[in-house]
Amino acid sequence: MKKLEIIIKPEKLEDLKGILESSKANGIMISNVMGYGNQKGHTQMYRGTEYTVNLLPKVKVETVVSEEASDLIITKVVKEITTGNYGDGKIFVYDVQDAVRIRTGEHGVSAL
């Protein structure tokens, strides 16, 4: 099993949810986060004064899926979510040793 931590622009959330639903991801967890990567924020003018905004709003989506599904999801996200600009996001992939469904005690992929 793999845990995917996908950080994207907020306006791409609906597209990502569609990809995850079509790829049979059973559950997702969504968090609003702020941060920056290579783009280091951007400069804005406010009442004639220029200032730098270096913490940009992002959305972090986490899901745990089978190893086969993770490859499919990553391929679809890279293909469909990209705009080609800085700040498109990142995907972090973690190995998951086990998952346990508390209600039934199921382990592994069947607990997802």
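From the N terminus on, the elements run β-α-β-β-β-β-α-β. That makes 2 helices and 6 strands. Helices (H or I, at least four residues) and strands (E, at least two) are DSSP runs, numbered from the N terminus.

Some ground rules. This is a predicted model: local features need pLDDT of at least 70, side-chain atom pairs count only at pLDDT 80 or more, and totals for chains, interfaces and linings use all residues. Residues are numbered from 1 along each chain as its sequence is written, and side-chain values use heavy atoms, with hydrogens and water left out.

Now helix α1, residues 13–22. Which of its residues are buried? Leu13, Leu16, Ile19 and Leu20. Buried means under 20% relative accessible area, exposed over 50%, partly exposed in between (1.4 Å probe, protein chains only). Those four cover an arc of only 120 degrees around the axis, which puts them on the same side of α1. The arc is that of the directions from the helix axis to the C-beta atoms. Recall that an α-helix has 3.6 residues a turn, so residues three or four places apart point the same way.

On the other side of α1, Glu14 and Glu21 are exposed. What covers the buried residues? The cover includes β1 (2–8), β2 (29–35), β5 (56–65) and α2 (67–80). Contact here means heavy atoms within 4.5 Å. After α1 comes Lys24, with a positive phi near 65 degrees.

Last, the whole chain. Of its 112 residues, 30% count as buried. The C-alpha atoms fill a box of roughly 60 × 30 × 20 Å, taken along the principal axes.
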